[in-house]
Amino acid sequence: MIRKILFAFLLLLLAIVLYSNPNFKTIAAGIAILLFGMIMLEDGFKVFTKGPLQNVLKKATDKLYKSITAGAVVTALIQSSSLVTVITISFISAGLISLSGGIGLIFGANIGTTATAWLVAAFGLKINISALAMPLLVFGVIFSVQKKTSLQGLGKILAGLGFFFLGIHFMKEGFDVFKDYIDLTQYAISGFKGVIIYALLGIIITTVLQSSSATLALILTALAAGQIEYENALALAIGANVGTTITAVLGSIGSNIAGKRLAGAHFIFNLATGIVALILIYPLAQLVNKLSEFANIGVTDYTLKLALFHTIFNVIGVIIMIPLIKALERILLKFFKDNEHKDIDEPKFLNEAVLKFPGTVISALINESKYLYKNAVFEIVAHALNIHRDDIISDEKIKNIVKKSTKNLQTDVDKLYYKKVKTIYGEIIRYAITAQNDLTLNKKENIAISDIKIANRKMVEIIKDAGELNKNINLSLDLDNPYMLKEYDGFRKKIIKVLRIIYLFRKAEDTEVYAKKLFNLKKEAKENIRKSNKSIDKLIRENLISAEMASSLFNDYTNVNDMNKKLIEVAELLYGRKDSLLDNGY
């Protein structure tokens, strides 16, 4: 609601300014074209985020220096810190990278975004940029209308660069015309008072434009046209850096917890960096002058000096924050807590952020399915057998576990299903279908999501089967028939054996041994489904059980073998070959 009111107010204000001062329209048009170019650049690079870009960012987060470097380099290349932020949020939400790794990428992105200032100052304002913009637009449009997705992405990148350069040209032309009517330098304010006022102005402009890069381009073109003083331009650049956090905070209002934590990290970093830069603005300006002499930058080349200043204070900000990154992570985790739901388990990995890219949604679906199996299916099946989970994962012999577990645990399988499974299962299916409908997936990705849906459907079937088995196991406890108890104890041993090997399979680093055991058990279960149980046949012939008891035993004999087969198939889908998808970038 706040964003809508603010947006309406800004539109009205812009209309009034354009109407009252037509000379401003060329500058405004330049800003609009530049922003449109940045949007096209981001859309173009999104086409290529599914492959190398995601892999680079994901694999670069094991070390802090790697994540900062990757964030800086990628942002400098694609000219979009917001795209890097979106990818980072998706990765954290899907459980692919840690919060500290994501913070490193965001810190690096702040350094990388300074490349825009260098591009404008060293290139955009030094040559006739419109001459380069036109060919880029022509080739951009030609590539954009091609059927191949990669060519369309390339076309948007070229067109985006063309509009970016064209926007700079119009802004520069606008300021050149504008100074014939109004000299903005008459509003220059010297001293620390001017620093504070212009820093606040930089925050406001960036909040309006929703882009620190666009604000910097505006500052540089105004500086090149002599419309603002160099000292005030430095303060505006600091304000632009702080102002971009407003965009991040507003953007995180409706986002998941990962988005809020990253927005918090972004806000703290930029605010701390801005405060330090404001305090040290004059010493930093002197440092820029000395470095400019060393780099042969002209004394009056204020645009390049501003670009250098912008880079220096962002690098200093990262240097200051690196020792504090663990403390920052603890603060963010403490301040932005996951909601704890007592009645219904909510998804832990699924949120809107993971739907941005195929790789992140597949990873999130796999992790959510593993979570569902580990924390719901395993527990429900174990308790349906009147067995505690700790006994199954222990080293105790299975026959001893069954022998001592003679008490009815009063397990309500249906209630556990509705409390622990139904909500998460529904969300897994919803996200899987959404991904298949809304994202451009290749054959391998479609198969992966289909397999995840199959695995989850099998888990639900296992729980339903466990509910039926639980009823008959408890009935056998009430019957004064040792033969029935023996048979159901045999059923319990079979399932416990499978559950234990699956546990060892998902925990072991070398899974080959347990994979082979599961394969043999699945083969045995398939064969048993088609075969009769000789021990039950013998009990019927010797009249040791009633016809009703025999019917229950035969049904549960098939049921148990079917459950074991499904349990192993789920384990293979979630913990076996699916991990290769993650290793290959998903």
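This is a predicted model: local features need pLDDT of at least 70, side-chain atom pairs count only at pLDDT 80 or more; totals for chains, interfaces and linings use all residues.
I looked up the lining of the largest cavity: helix 15 (302-321) gives the most, with four residues. Helices here are DSSP runs of H or I, at least four residues, numbered from the N terminus. A cavity is a set of points on a 1 Å grid over the protein atoms alone where a 1.4 Å probe fits but cannot get out, and lining residues have an atom within 4 Å of a point.

Residues are numbered from 1 along each chain as its sequence is written, and side-chain values use heavy atoms, with hydrogens and water left out.

I found about 40 Å³ of space in the largest cavity. Its lining includes Thr273, Val276, Phe313 and Ile320. Helix 13 (257-279) also supplies at least two lining residues. By class I noted seven nonpolar, two polar and no charged residues (Ala, Val, Leu, Ile, Met, Phe, Trp, Tyr, Cys and Pro count as nonpolar, Asp, Glu, Lys and Arg as charged, and the others, Gly among them, as polar).

Next I checked helix 22 (482-507) against helix 25 (547-576): they pack at about 0 degrees, with axes 10 Å apart. Axes are lines fitted to C-alpha atoms over the stretch in contact, and angles run from 0 to 180 degrees between N-to-C directions. Helix 22 is therefore roughly parallel to helix 25 (angles under 35 degrees count as such). I sorted their contact residues into 17 nonpolar, four polar and four charged.

Conventions
Angles under 35 degrees count as roughly parallel, over 145 as roughly antiparallel, 65 to 115 as roughly perpendicular and the rest as oblique. On a 1 Å grid over the protein atoms alone, a cavity is a set of points where a 1.4 Å probe fits but cannot get out, and a pocket is an open set with protein on both sides within 12 Å along at least five of seven lines; lining residues have an atom within 4 Å of a point. Grid points are joined across faces, edges and corners, and a volume is the space filled by probe spheres set on the points.
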